[in-house]
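Please keep the sequence and the model at hand while reading.

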Amino acid sequence: QCQITMLQEKNIVLDACYDLNGKTAPRRIIQACTEALDRNVLEIPQRSFLLVGRGDAYFALGDKQHALDDYSAAIKMAHLLPANERFLLFTPRADEYFALGDKRHALDDYDAAIKSAPHNAALYYNRGVVYIAQANYDAALQDFDTALKLDSRFVPALRKRARIYATRGNLAGALADYSAAIRLQPETAAIWSDRGRVDLGRHEYANAIADESRAIHLDPKLASAYYLRSVSLGNSGDGAKAVADLRTAVGLDPSLAKYVTIKGKTVVLGLPPL
């Protein structure tokens, strides 16, 4: 009976600190984790997860230093966990390092996480995002390729890889990835708009107009879709509709006006960066 009572107490502690329902307030999580750590309710390997839970709560409150301290304390116990579970400790600190702009240490932690869980597609994706921030696009592509080999339905990796393809002029590859992403998430407006931009780059204006129109149908406030459709309409010779879309786009997002150049009676629309 004593063992059952202890197990129940441990489960209560873990539930409070892990925020399993996603509704527990961060300060309540910090309180619960701190109390559990002070009382030594759990063994050392499990204490590492209490530290991660408290670190997540600190991070949610914007207290990045306390979060980093807790993540680092948890990682000191990583060697006590089974090798295939250690990524659960390294990943949160990697995420925080990246949020702090410390890409080098973020990569170190993602490397350790991937060593622990080499078949986890999300870890390769996250590391690829850091590589993009370093402008190391070759390494990013390798990580996105690996993520998609592990999980061909990983839409974020498809979109990131498509963007790199597009910036490098591999429009066919970008089109294929965006099309795959659309099949998986057909209700996501931004993906339709992204594919429309690739259509535009391929001078397939009818397809671009169709894709941007679908994006606008899904999200009537997506300024970039109106802008890209305006470019496509202008290139198709439909100046009146192009002007109407341009006005809507700039009305929704005034920053798009910087890509518009007026030369006499001619309006030239530049493309925003990918």
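## The largest pocket

In this predicted model, 17 residues line the largest pocket, and those that lie nearest its centre are S230, V231, G234, V267 and L269. Two or more lining residues come from each of the elements α11 (189-201), α13 (223-236), α14 (239-252) and β2 (266-269), with α14 giving the most, namely five residues. The volume of the largest pocket is about 340 Å³, and its lining is made up of ten nonpolar residues, six polar residues and one charged residue.

One of the residues nearest the centre of this pocket, V267, belongs to strand β2. V267 counts as partly exposed because its relative accessible area is 44%, a value that lies between the 20% limit for buried and the 50% limit for exposed residues. Apart from neighbours within four places in sequence, V267 is in contact with L246, V260, T261 and I262. V267 and G234, which are 33 residues apart in sequence, have their C-alpha atoms 9.4 Å apart in space.

## The second largest pocket

The second largest pocket holds about 240 Å³ of space, and of the 14 residues that line it, S193, D194, R197, S224 and L228 lie nearest its centre. The elements α11 and α13 each give two or more residues to this lining, and α11 gives the most, with four. By class, the lining of the second largest pocket has nine nonpolar, two polar and three charged residues.

Once its neighbours within four places in sequence are set aside, D194 is in contact with R159, R163 and Y178.

The buried residues of α10 are G173, A174, L175, D177, Y178, S179, A180, A181 and I182, and they pack against α9 (155-167) and α11. Y178, one of these buried residues, is also among the contacts of D194.

In soluble globular proteins, nonpolar side chains tend to be buried together. Here the largest nonpolar core has 79 residues, among which L89, A157 and A174 touch the most other members. For A174, the contacts beyond neighbours within four places in sequence are A162, Y165, A166 and V198.

## D145 in helix α8

Helix α8 (residues 137-150) contains D145, which counts as partly exposed because its relative accessibility is 26%, above the 20% limit under which a residue is called buried. Along the chain D145 and A121 are 24 residues apart, and their C-alpha atoms are separated by 9.7 Å. When neighbours within four places in sequence are left aside, D145 is in contact with R161 and Y165, and Y165 is also in contact with A174.

Technical notes
Residues are numbered from 1 along each chain as its sequence is written. This is a predicted model: local features need pLDDT of at least 70, side-chain atom pairs count only at pLDDT 80 or more; totals for chains, interfaces and linings use all residues. Side-chain values use heavy atoms; hydrogens and water are left out. On a 1 Å grid over the protein atoms alone, a cavity is a set of points where a 1.4 Å probe fits but cannot get out, and a pocket is an open set with protein on both sides within 12 Å along at least five of seven lines; lining residues have an atom within 4 Å of a point. Grid points are joined across faces, edges and corners, and a volume is the space filled by probe spheres set on the points. Ala, Val, Leu, Ile, Met, Phe, Trp, Tyr, Cys and Pro count as nonpolar, Asp, Glu, Lys and Arg as charged, and the others, Gly among them, as polar. Buried means under 20% relative accessible area, exposed over 50%, partly exposed in between (1.4 Å probe, protein chains only). Contact means heavy atoms within 4.5 Å. A nonpolar core is a set of buried Ala, Val, Leu, Ile, Met, Phe, Trp, Tyr and Cys residues joined through side-chain atoms within 4.5 Å.
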